[in-house]
Amino acid sequence: QVRLVESGGGLVQAGGSLRLSCAASGDIFSIKNMGWYRQAPGKQRELVAQIRSGATPTYADSVKGRCTISRDNAKNTVNLQMNSLKPEDTAVYFCNALVASGGSSVYRNYWGQGTQVTVSS
């Protein structure tokens, strides 16, 4: 079993910054993708940013230039630095990882429990 634990959410004023962190633990053989999604009330969950080992990160258009995703493969962690936050960034942010366990080549999708980010105007 694999567990993803997020931290770093909170309340911030518009224009402020937050840094989200996520640590993966458990039976981890290999992690392909790590990323962040968000879900605002009444809306579908959407990709914010994703990073794959050795590849260029991808970002939602709505956060390009304001967010930076980084990953530490040795620690199985992924961070999301969010700057110039806007009220429309308010959502629950979920960590996501595609993980193979037990020496298998089969990757499974895992989610964290989510961390609330609230941006006040």
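Modeller: I shall begin with the aromatic residues: Tyr 37, Phe 94 and Trp 111 are linked into a cluster by ring pairs. Please bear in mind that this is a predicted model.

Colleague: How many aromatic pairs does a search of the whole structure find?

Modeller: The search finds 2 aromatic pairs. In one of them, Tyr 37 and Trp 111 have ring centres 5.0 Å apart and an angle of 70° between the planes.

Colleague: Is Tyr 37 buried or exposed, and how do you know?

Modeller: Buried means under 20% relative accessible area. Tyr 37 has 19% and therefore counts as buried. Trp 111, at 35%, is partly exposed, because that class lies between 20% and 50%.

Colleague: What makes Phe 94 and Trp 111 a pair?

Modeller: Their ring centres are 6.5 Å apart, and the criterion is within 6.5 Å. The planes stand at 90°, so this pair is edge-to-face. It links distant parts of the chain, with Phe 94 in strand β9 (residues 91-100) and Trp 111 in strand β10, 17 residues apart. Phe 94 has a relative accessible area of 10%, and is therefore buried.

Colleague: How do you know that the charged end of Arg 45 sits over the ring of Trp 111?

Modeller: The limit is 6 Å from the ring centre, within 35 degrees of the ring normal. The charged end of Arg 45 is 4.6 Å from the centre of the Trp 111 ring. Arg 45 also lies over the face of Phe 94, at 3.7 Å from the ring centre.

Colleague: Turning to the sheet, why are β1 and β7 described as standing at the edges?

Modeller: The open sheet has 4 strands in the order β1-β3-β8-β7, with antiparallel pairing. β1 (2-7) and β7 (67-72) each have a single partner strand, so one side of each is left without a neighbour in the sheet.

Colleague: What makes β3 and β8 paired strands?

Modeller: Pairing requires at least two bridges. β3 (residues 18-26) and β8 (residues 77-82) have 6 bridges in the antiparallel sense, and therefore qualify. Within this pairing, Ser 21 has Asn 79 of β8 as its bridge partner.

Note on methods:
Residues are numbered from 1 along each chain as its sequence is written. This is a predicted model: local features need pLDDT of at least 70, side-chain atom pairs count only at pLDDT 80 or more; totals for chains, interfaces and linings use all residues. Side-chain values use heavy atoms; hydrogens and water are left out. Helices (H or I, at least four residues) and strands (E, at least two) are DSSP runs, numbered from the N terminus. Rings of Phe, Tyr and Trp (its six-membered ring) pair if their centres lie within 6.5 Å; planes under 30 degrees apart count as stacked, over 60 as edge-to-face and the rest as tilted. Buried means under 20% relative accessible area, exposed over 50%, partly exposed in between (1.4 Å probe, protein chains only).
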